[in-house]
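Please find below a short note on a two-chain model, written for someone who has not seen it before. The points can be read alongside the sequence and the structure.

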Amino acid sequence: MNTDDLVSMLSTGVEPVDPKAIAKRFSLAILIGGVGALLVVMLRFGVRPDLAEVATTPIFWAKIAFPLSLMLGALLMVTRLARPGMSAGGGKLWVTLGVAAIWVGTLYGLAVAPADERVALVLGTTWKVCAFSITLLSVPGFIAVFWALRGLAPTRPKLAGACGGLLASSLATLAYCLHCPEMAVPFWGIWYFLGMLVPTLIGAAMGPRWLRWS
Amino acid sequence: MDRTTHNESLRRREIDLQTLFLSGLKGNQADYARFLRELSTHLRGFLRARLLRQPDEIEDLLQEILLAVHNGRQTYQSDQPLTAWVFAIARYKLADFYRSRSRHDGLNDSIDDAEELFAEPCLEPAQASRDLDKLLEELPDKQRLPIMHVKLEGLSVAQTAQLTGLSESAVKIGVHRGLKALAAMIRGK
């Protein structure tokens, strides 16, 4: 088949493209990741019994704001990086701001706490399981987001993979907030951060292999 | 040609190509064909400058890039320069090509370099050495038949559905998946 034949084959009967196709793909991935993580939290970890009370306190919403800003940033970046030749764009700002805010809060929380309570603030009662639980909760979203990316054409697969991992793990962290009893900022600044970092690094490592297209 | 006129003509080419492509994305077959044909001539020039030692590969690689452009056309957003989008795809494919070549051949240069010095310049589209028709035959029926009827014989989706007993959406999906599978087969070769 020469190139002219290929051109006429590709153009013959060409179907219109849905301009919202990418948005739909990622909406579906987020739905799967979010519902998947929520189900595991409800069925396996259990929603914290005082959720209704704590949901009226500002500190609970500050806790939600951290993974939420990372999720928004990761979503903005990954939907751009799914397209050839696009940079990560403005999503970086949301991620940077979210992490910076939580670390400022962490340092402040530690600075004002009495010296002998600092270790307890950082470790809480669940430090051993927190990062691992978030990583585990990321699995459904991770699979769904990588599925979404694999149908598209990322030309920077490492970065796209990292943002995909962050999107999945920030969704997982949002769901985990419904279970997690920890209310100290330094705890979030370390263990939530680590929990989101692990899937992000896995995404960056696997991106070049899993996101190749032809 | 001075720089301003050169830039001006580049800008105009970008706008012309983008107009054709956007119209193609809406399903205009004639504009899409014109876009692909014009893109081919630009890509051929681009590849010729980069594959000086492998002139035989130009047409194959060009066809691969056209398939990738087609299969990835939903990833184009109209606020992005079309040139940047196509260039990113072409560079990705070129990098793939270099990678597979260094894996297969090691880093040995071809031994008939001296002869190539006097080789004819190739201004015309060369013969593609890879036979896409053969690859198409390897596709499973639910992809091969829709591509054959819709894309090669020019039948409508409805006619093809009637002829093959597939549903209309199965015909569309068959075309879509078949062309993706074709690209994957090329990469696997």
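**Notes on the model**

1. The UniProt record (unreviewed entry) annotates residues 130-182 of chain B as "domain: RNA polymerase sigma factor 70 region 4 type". UniProt positions are given in the numbering used here, feature names are shortened, and annotations may be inferred rather than shown by experiment. In the model this span of chain B is 77% helix and 0% strand, with its end C-alpha atoms 12 Å apart. Helices (H or I, at least four residues) and strands (E, at least two) are DSSP runs, numbered from the N terminus.

2. This is a predicted model, in which local features need pLDDT of at least 70 and side-chain atom pairs count only at pLDDT 80 or more, while totals for chains, interfaces and linings use all residues. Residues are numbered from 1 along each chain as its sequence is written, chains are lettered from A and ligands numbered from 1 in the order in which they are written, and side-chain values use heavy atoms, with hydrogens and water left out.

3. Chain A has nine helices and zero strands. Its C-alpha atoms fill a box of roughly 75 × 35 × 25 Å, taken along the principal axes. Of the 214 residues in chain A, 50% are buried (under 20% relative accessible area; exposed is over 50% and partly exposed in between, with a 1.4 Å probe and protein chains only). Among contacts in chain A (heavy atoms within 4.5 Å) with a separation of 6 or more, 83% join residues 24 or more positions apart.

4. For chain A, the UniProt record (unreviewed entry) lists "transmembrane region" at residues 26-47, 59-81, 93-113, 125-147, 159-178 and 190-211. Residues 93-113 of chain A are 95% helix and 0% strand, and the end C-alpha atoms are 30 Å apart. Residues 125-147 of chain A are 91% helix and 0% strand, with the end C-alpha atoms 36 Å apart.

5. The rule finds two salt bridges across the interface of chain A and chain B (a side-chain nitrogen of Lys or Arg within 4 Å of a carboxyl oxygen of Asp or Glu). A salt bridge joins the side chains of B:Lys172 and A:Glu15, at 3.9 Å from N to O.

6. B:Gln63 sits in helix H3 (residues 58-71) of chain B. Is B:Gln63 buried or exposed? B:Gln63 counts as buried because its relative accessibility is 0%. Not counting residues up to four places away in sequence, B:Gln63 touches A:Met1, A:Asn2, A:Thr3, A:Leu6, B:Ala128 and B:Leu132. The side chain of B:Gln63 reaches the backbone oxygen of A:Met1 at 3.1 Å.

How values were computed: A polar contact is a pair of N or O atoms within 3.5 Å; within protein, one must be able to donate a hydrogen and the other to accept it, and residues adjacent in sequence count only if both atoms are side-chain atoms.
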